[in-house]
Amino acid sequence: GAGQQFAAQHRPARAHGQELRPDAPPGTDLDGPCRLCRDNPVSDRRWVPCDGCGAHVHHVCAMYNHLQASGRPFFCQAEHCERMRMLAGAPQSRSAGAQSHALLETSLASYLSFRARKACEQGESVHVRVLADQVHTSRSGEPYRAKSIFVFQAVEGGLKGADVVVCGLFLHEYAESKSVHVQCLDSNPLYSSNSQLEGERRQHLLTTVVISYIEFAKDLGYERVTVRVPPPTDDASCLFSARSFSVRLRACVHLARWYSQLAHRCHKAGLASGVRSGRTVESVDFPGAVLSSEEVAAECAFFQMLERGEGSAAVQEAAKAERFLILHIASSADMPRSIVEPPSMLPESFASSREAFVRACVEDGLRFHQLPLAQYATMMLVYRLLVLQHHRASLLCREGPGPHMGSEDTQEVQSRREEAGGGGGLAG
């Protein structure tokens with residue numbers, strides 16, 4: 001399952017499509033540190049040789065993008081190699097690479113970014129982007145728009161100018177029933193030495209993004225938001241790192257409380273007219289059709305565990321958590337009667353679903369449990385998205401404005417195409 005795949009990531013593994021250099025020096029410990037990470041070793045089996053001195057360094061440590069650097073010389077940071085790099089006109093080693101601000105910015109992303117920056121002390125370093133927006137059909141036959149929203153931020157102590165994806169949010173918007181289902185919300189590990197302070201800031205950032213999205217949904221005409229907190233038996237609920245059963249237990253209880261506090265905050269502020277929460281689908285008349293077959297299976301496994309009397313006191317605490325929540329958005333006189341959104345200009349990608357995102361990270365060996373790994377993974381993910389968006393923009397520009405696409409949209413596509421730039425080919 002996805003959980004087993006994630007667990008495998010924590011063992012050094014050859015990344016999909018990235019072969020180890022066959023000319024690595026004999027006797028090199030492929031799992032050991034390179035010259036750039038001797039003081040703080042990084043686990044990475046992808047090595048690239050310097051074309052100046054021949055020394056091998058990790059892809060992660062050099063922020064080496066093999067998709068973009070095909071055919072280009074690579075030089076490490078040694079003084080004489082740096083001079084050779086400048087003469088050759090090669091890209092600088094350990095540069096931030098592809099950055100999230102260059103990704104297409106939708107109206108929703110612009111609004112969420114504005115609210116996030118306003119709420120954060122280091123607001124200018126926060127970028128929120130909608131990475132996917134595709135139409136699918138639920139098990140009940142109702143169409144919905146599947147959106148993925150990711151938050152990027154520069155992390156203290158990291159490479160200057162480099163982004164780190166700090167959280168991902170997957171949503172299903174049902175226009176016919178005017179309902180939004182929050183399928184997944186996950187955050188990557190904390191990297192600061194002051195984890196308590198960083199944790200408080202991260203919580204504040206996530207709260208701001210989710211509440212701001214609910215405000216945006218209200219303006220579109222949505223009337224309710226449904227949330228299901230994954231039980232500890234759902235090992236596919238994690239986006240960025242594998243978590244043990246005991247960690248998922250604690251996360252289940254914590255996330256249920258966090259959503260409850262968020263919902264009551266919305267109610268107190270007048271954004272919600274009512275909130276219902278319960279331990280089971282039946283207790284709150286939760287729309288079970290929004291759950292996937294895998295999510296239903298995870299729920300069944302959890303309840304079977306409880307029926308057999310298995311588990312510790314922590315399992316019983318998770319059983320008491322009100323994991324199913326329905327938030328009714330407060331109506332207003334100016335709310336639209338029907339929900340109308342323009343078709344998405346975003347291409348289908350690995351960010352189109354939670355499962356596809358996890359699979360892409362596993363196949364490309366992208367990990368987030370150390371800050372250098374997270375910076376490298378973010379750079380590679382953003383680069384892949386930029387290439388896809390560049391291709392999509394090229395097609396739209398050749399086709400010209402459609403019935404739903406005005407001149408302003410065309411200009412935005414052209415602008416983003418210039419920001420995305422060219423680069424090497426991309427598989428998948």
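Here are legends for a few close-up views of this predicted model.

The residue numbers start at 1 along each chain as its sequence is written, and side-chain values use heavy atoms, with hydrogens and water left out. As this is a predicted model, local features need pLDDT of at least 70 and side-chain atom pairs count only at pLDDT 80 or more, while totals for chains, interfaces and linings use all residues.

View 1. Helix α7 covers residues 293–307, which makes 15 residues. (Helices here are DSSP runs of H or I with at least four residues, strands are runs of E with at least two, and both are numbered from the N terminus.) From first C-alpha to last, α7 reaches 21 Å, close to the 21 Å expected at 1.5 Å a residue; that expected span is 1.5 Å times one less than the number of residues. Look for Glu295, Ala298, Glu299, Phe302 and Met305, the buried residues of α7. Buried means under 20% relative accessible area, exposed means over 50%, and partly exposed is in between, using a 1.4 Å probe and protein chains only. Down the axis of α7, its buried residues fall within an arc of 125°, so they line one face of the helix. (The arc is taken from the directions from the helix axis to the C-beta atoms.) A handy reminder: an α-helix has 3.6 residues a turn, so residues three or four places apart point the same way. The buried residues of α7 pack against several elements, including β6 (179–187), α6 (245–268) and α9 (354–363), where contact means heavy atoms within 4.5 Å. After α7 comes glycine 309, with a positive phi near 75°.

**View 2. Helix α8 and its two sides.** In α8, the buried residues are Val315, Ala318 and Ala319. Seen down the axis of α8, these buried residues fall within an arc of 105°, so they line one face of the helix. Ala313 and Lys320, on the other side of α8, are exposed. Among the elements covering the buried residues of α8 are α6 and α7.

**View 3. Aromatic rings that pair up.** Rings of Phe, Tyr and Trp (its six-membered ring) count as a pair if their centres lie within 6.5 Å; planes under 30 degrees apart are stacked, over 60 edge-to-face, and the rest tilted. By this rule there are 11 aromatic pairs. In one of them, the rings of tyrosine 144 and tyrosine 174 have centres 5.1 Å apart and planes at 40°, so the pair is tilted. This pair links distant parts of the chain: tyrosine 144 sits in strand β4 (residues 143–153) and tyrosine 174 in strand β5 (residues 164–174), 30 residues apart. Both of these tyrosines are buried. Phenylalanine 150 and phenylalanine 357 also pair up, with ring centres 5.1 Å apart and planes at 50°, so this pair is tilted too. Here the link runs from strand β4 to helix α9, 207 residues apart. Phenylalanine 150 and phenylalanine 357 are both buried. Ring pairs join Phe150, Phe170, Phe240, Phe357 and Phe368 into a cluster.

**View 4. The largest pocket.** How big is the volume of the largest pocket? About 780 Å³. (On a 1 Å grid over the protein atoms alone, a pocket is an open set of points with protein on both sides within 12 Å along at least five of seven lines, a cavity is a set where a 1.4 Å probe fits but cannot get out, and lining residues have an atom within 4 Å of a point. Grid points are joined across faces, edges and corners, and volume is the space filled by probe spheres set on the points.) There are 34 lining residues, and Asp186, Ser187, Arg243, Ala251 and His254 are the closest to the centre of the pocket. Helix α6 gives the most to this lining, with 9 residues.

**View 5. Two loop residues with positive phi.** Methionine 63 has a phi near 50°, a positive value in a residue other than glycine. This methionine 63 lies in the loop between α2 (59–62) and α3 (79–88) and is buried, with a relative accessible area of 7%. Aspartate 285 has a positive phi of about 55°. Aspartate 285 is found in the loop between β8 (272–278) and α7 and is exposed, with a relative accessible area of 59%.
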